[in-house]
Amino acid sequence: MSRHRGAAETSTLQQRLEALSEARELARDRLQDEELAPVLGVLERASARRSLSADHTVVGFFGATGGGKSSLFNAVTGGDIAVAAARRPTTAEPLAGIRTPEGSGPLLDWLEVNQRHVLPDDGSADSPPGLILLDLPDFDSTAADHRRIVERLVGQVDVLVWVVDPQKYADAALHHGFLRQLASHEAVTIVVLNQIDRLAPDEVQPVLASLREILAADGLAKVQIHPVSAATGAGVDRLRAGIGEVVRQRGAGTERLLADVAAGADALAGAASDSDLPAPSKEARRRLSNALSSAAGVERVAETVGRSYRRQSHRHTGWPLTRWLGRLRSDPLKRLNLDRRDIDPALSRSSLPAPGPAQRAQADAALREFADAAGRGAPEAWRASIRRAARSSADVLPDALDQAVAHTDLGSNRKSWWWPVVGLLQWVALAAALAGALWLLGLAVLGYLQFDVPPAPRVEGFPAPTLMLVAGVLLGVLLALLSAAVARAVAGSRTAKARRRLRASVDEVAQTQVVTPVADEVERCNRFRQAVAAARNGSAAKAGLR
């Protein structure tokens with residue numbers, strides 16, 4: 001393997017490890033710990049293996065009792081290191097055959113292999129430096145410690161050599177317990193059909209075909225299969241050459257770690273969406289804002305602004321003799337504590353009644369609907385986390401909405417330019433009516449007292465005092481009616497403006513308390529999907545997982 005290729009593979013491995021680590025961090029508190037445990041194991045093993053010797057390749061021999069694993073190990077190493085037996089396991093702990101012992105100590109310590117034997121250097125191409133062969137306990141041993149050793153080293157060695165025999169090559173314990181779970185490790189897996197000397201020559205190929213079919217069902221369709229006989233030596237040289245080629249390429253360790261990363265990503269793939277989730281839509285935000293506005297009493301406050309304006313208009317432009325009646329009713333905004341703007345905003349609260357059960361249910365339904373719309377297409381774990389994000393501020397949301405309403409400038413303190421004009425005209429009309437009434441009263445008193453009453457001047461045939469009284473009263477009433485009509489029109493405009501401002505305040509609360517947390521969680525879900533895709537196959541961020 002060239003230096004450039006090795007550097008490229010190392011860079012790829014680093015990127016995919018970082019992607020897997022990122023996926024695990026993003027899924028923290030979203031997935032169960034037991035779902036993340038295999039990923040943590042991959043990252044820890046990768047970190048440990050990469051810190052140890054890169055000049056050594058560890059090849060583990062795995063097999064069942066009676067399969068001739070130790071005999072094959074001896075045949076491949078060219079020595080008589082492992083003790084072989086036909087009926088019961090004799091390998092109680094891992095045994096290492098080392099071609100180049102220099103620098104292998106820390107690696108073997110990490111593998112917890114204490115029995116170490118240096119293999120003689122015969123100078124052949126099939127015995128490259130850096131080779132470490134491990135003979136392991138039988139995976140089907142009745143000793144629990146033996147199986148634990150096998151399970152641990154299955155996750156640690158660089159190359160896995162599975163030794164089967166013609167009688168037990170279809171053993172479910174092997175295929176369901178190990179091989180099927182290692183489907184992503186095809187590049188670093190070798191299967192050896194040992195003891196072919198026990199088969200008739202015309203039986204070898206059918207058995208190999210059956211074995212290959214079973215392996216294909218395990219997801220290992222392209223795995224290397226070597227028919228050998230440790231007893232006669234048939235096929236051993238070819239197996240040794242295949243192992244030697246893997247070691248000379250010096251890529252088995254990286255391939256193994258890449259396969260581990262892919263397996264770790266596969267474990268997370270079920271929790272990743274098929275494609276990126278879109279950000280919360282404008283329509284979903286609108287529905288949420290409508291529901292929260294209803295819960296906050298926006299419509300009631302807006303209509304109260306209109307009523308307050310009409311009341312103030314009557315106070316400034318109504319007929320002076322009836323204006324005092326309006327003072328008997330308090331300002332509706334004042335009753336809601338929304339007429340003051342000169343106090344500390346942090347202490348400002350409205351006097352709106354607390355949301356009732358129907359309003360609370362409406363707000364809760366709006367939060368659920370918004371979260372469900374945002375999480376549509378996501379796996380259940382992320383849908384649940386998006387729902388939690390939507391409700392993360394549920395306890396403080398009512399108070400936040402109340403403060404938003406209380407702090408909104410409703411424009412209730414702004415006076416209209418036409419009020420003083422109409423007010424002045426009303427006083428002029430009242431003055432004219434009073435002058436005419438007093439004039440008529442004076443004439444009546446003089447007539448009652450038998451004084452000579454001078455005739456009142458006339459205007460177009462009408463007595464001036466009568467005309468002043470009638471005209472003053474009519475003008476006052478007319479001005480009151482006109483100002484009331486104008487007040488209603490302006491009140492409608494102010495109601496609409498107050499409604500827009502209140503909705504904007506509610507929108508801000510919805511954005512801060514609900515939309516932003518949900519959007520952040522959606523983005524986290526998308527980053528998780530992208531990280532899993534990158535860890536799984538190094539694909540671009542937008543690549544699908546399935």
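**Figure 1. Glu 521 is a buried residue that takes part in a salt bridge.** Glu 521 has a relative accessible area of 7% and therefore counts as buried (buried means under 20% relative accessible area, exposed over 50%, and partly exposed in between, with a 1.4 Å probe and protein chains only). The side chain of Glu 521 meets that of Arg 30 in a salt bridge, with 2.8 Å from N to O (a salt bridge is a side-chain nitrogen of Lys or Arg within 4 Å of a carboxyl oxygen of Asp or Glu). Glu 521 belongs to helix α18 (residues 464–537) and Arg 30 to the loop between α1 (3–27) and α2, so the pair ties together parts that are 491 residues apart in sequence. Arg 30, at 21% relative accessibility, is partly exposed. This is a predicted model, in which local features need pLDDT of at least 70 and side-chain atom pairs count only at pLDDT 80 or more, while totals for chains, interfaces and linings use all residues. Residues are numbered from 1 along each chain as its sequence is written, and side-chain values use heavy atoms, with hydrogens and water left out.

**Figure 2. Arg 152 forms a salt bridge with Glu 112.** The closest N and O atoms of this pair are 3.7 Å apart. Arg 152 lies in helix α5 (residues 144–154) and Glu 112 in the loop between α4 (105–111) and β3 (115–118); the pair, 40 residues apart, links distant parts of the chain. Helices (H or I, at least four residues) and strands (E, at least two) are DSSP runs, numbered from the N terminus. Arg 152 is partly exposed, at 24% relative accessible area, and Glu 112 is partly exposed, at 47%.

**Figure 3. Glu 283, Arg 286, Arg 287 and Glu 369 are linked in a network of salt bridges.** An α-helix has 3.6 residues a turn, so residues three or four places apart point the same way. Arg 286 is partly exposed, with a relative accessible area of 40%, as is Glu 283, with 36%.

**Figure 4. Trp 319 is found in the loop between α11 (298–317) and α12 (323–326).** Its relative accessible area is 22%, so Trp 319 is partly exposed. Apart from neighbours within four places in sequence, Trp 319 is in contact with Gln 426, Leu 430, Gly 476 and Ala 480 (contact means heavy atoms within 4.5 Å). Trp 319 and Ala 429 lie 110 residues apart in sequence, and their C-alpha atoms are 9.2 Å apart in space.

**Figure 5. Leu 43 is a buried residue of helix α2 (residues 33–50).** Leu 43 has a relative accessible area of 17%. When neighbours within four places in sequence are left aside, the contacts of Leu 43 are Leu 17, Leu 20, Ser 21 and Arg 24. From C-alpha to C-alpha, Leu 43 and Arg 24 are 9.8 Å apart in space, and they are 19 residues apart in sequence.

**Figure 6. Helix α8 (residues 236–248) has 13 residues.** At 1.5 Å a residue, helix α8 should span 18 Å, which agrees with the 18 Å between its end C-alpha atoms (the expected span is 1.5 Å times one less than the number of residues). Among the buried residues of α8 are Val 236, Leu 239, Ile 243 and Val 247.
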